Amino acid sequence: MPAITAPKHQDGDFFVDYEEKVFEDVKAEPGQKALVTFHTVAFEGSIGFVNMLQATRLQRKGFETSILLYGPGVTLGIQRGFPKLGDEAFPGHLNFNRQLTKFMAEGGKVYACRFALQALYGHGEPSLIDGVRPINPLDVLDLKLLHVRDNALIIDTWTV
């Protein structure tokens with residue numbers, strides 16, 4: 001059997017060169033917009049949280065950034081907690097709430113489809129995180145079309 005002679009990795013070791021940046025650090029030009037849509041269920045994979053981080057990064061790069069929660073995506077924008085709203089039942093339990101709140105505090109806009117909220121998931125507008133704006137289901141497509149018309153960057157987040 002081959003002997004392993006490499007030293008054991010230690011806390012603080014680096015596995016990759018995380019400081020090398022290959023591409024320029026792009027910033028938004030005046031008036032540039034971005035839209036990140038979410039048609040994904042909370043806690044059913046990392047894509048919802050990862051693209052919330054992307055939306056926050058776009059906002060910080062100067063893009064006028066909006067998030068659209070529709071279909072199962074509205075589950076990202078509802079208040080949670082256990083045993084009471086706002087209580088973190090396990091580490092990471094409130095990641096979505098905290099990230100959306102931070103995003104909005106930095107100037108981002110978050111919209112949630114009223115149809116999905118009520119008809120699909122049995123929630124009302126009082127279930128939404130403060131600052132999330134409920135919209136008519138007919139506004140879902142128009143919000144996307146407005147961003148297309150404005151030549152915005154659009155990132156669509158889907159899980160199946």
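**Pocket, helices and loops**

Q: Which element gives the most to the lining of the largest pocket?
A: Helix 1 does, with 3 residues. Helices are DSSP runs of H or I with at least four residues, strands are runs of E with at least two, and both are numbered from the N terminus. The model is predicted, with pLDDT of at least 70 needed for local features and 80 or more for side-chain atom pairs, while totals for chains, interfaces and linings use all residues. Residue numbers start from 1 along each chain as its sequence is written, and side-chain values use heavy atoms, without hydrogens and water.

Q: What makes a residue part of the lining of the largest pocket, and which residues are they?
A: A lining residue has an atom within 4 Å of a point of the pocket; the points lie on a 1 Å grid over the protein atoms alone, and a pocket is an open set with protein on both sides within 12 Å along at least five of seven lines. The lining consists of K21, F23, E24, D25, V26, Q54, R57, L58, K61, L153 and I155.

Q: How much space lies in the largest pocket?
A: About 180 Å³. That volume is the space filled by probe spheres set on the grid points, which are joined across faces, edges and corners.

Q: How do the residues of the lining divide into nonpolar, polar and charged?
A: There are 5 nonpolar, 1 polar and 5 charged. Asp, Glu, Lys and Arg count as charged; Ala, Val, Leu, Ile, Met, Phe, Trp, Tyr, Cys and Pro as nonpolar; the others, Gly among them, as polar.

Q: How far does helix 1 reach, and what is expected?
A: From first C-alpha to last, its 14 residues reach 20 Å, close to the expected 20 Å. The expected span is 1.5 Å times one less than the number of residues.

Q: Where around helix 1 do its buried residues lie, and how do you know?
A: The buried residues are G48, N51, M52, A55, T56, L58 and Q59. They cover an arc of only 160° around the axis, so they are on the same side of helix 1. The arc is taken from the directions that run from the helix axis to the C-beta atoms. Among what covers these residues are strand 1 (33-39), strand 2 (64-69), helix 2 (95-105) and strand 5.

Q: Why is N51 called buried?
A: Its relative accessible area is 8%. Buried means under 20%, exposed over 50% and partly exposed in between, with a 1.4 Å probe and protein chains only, so N51 counts as buried. Not counting residues up to four places away in sequence, N51 touches V36, F38, I155 and T157, where contact means heavy atoms within 4.5 Å.

Q: Why is I78 called buried?
A: I78 has a relative accessible area of 9%, and therefore is buried. It lies in the loop between strand 2 and helix 2. Leaving aside neighbours within four places in sequence, its contacts are N97, L117, H123, S127, L128 and I129.

Q: Is F43 buried, exposed or partly exposed, and how do you know?
A: At 39% relative accessibility, F43 counts as partly exposed. Although not a glycine, F43 has a positive phi of about 70°, and its place is in the loop between strand 1 and helix 1.

Q: What makes N151 exposed?
A: N151 has a relative accessible area of 69% and is therefore exposed. N151 is found in the loop between helix 4 (137-149) and strand 5, with a positive phi near 55°.

Notes
1 Å grid on protein atoms, 1.4 Å probe; cavity = no way out; pocket = protein on both sides within 12 Å on 5 of 7 lines; lining within 4 Å.
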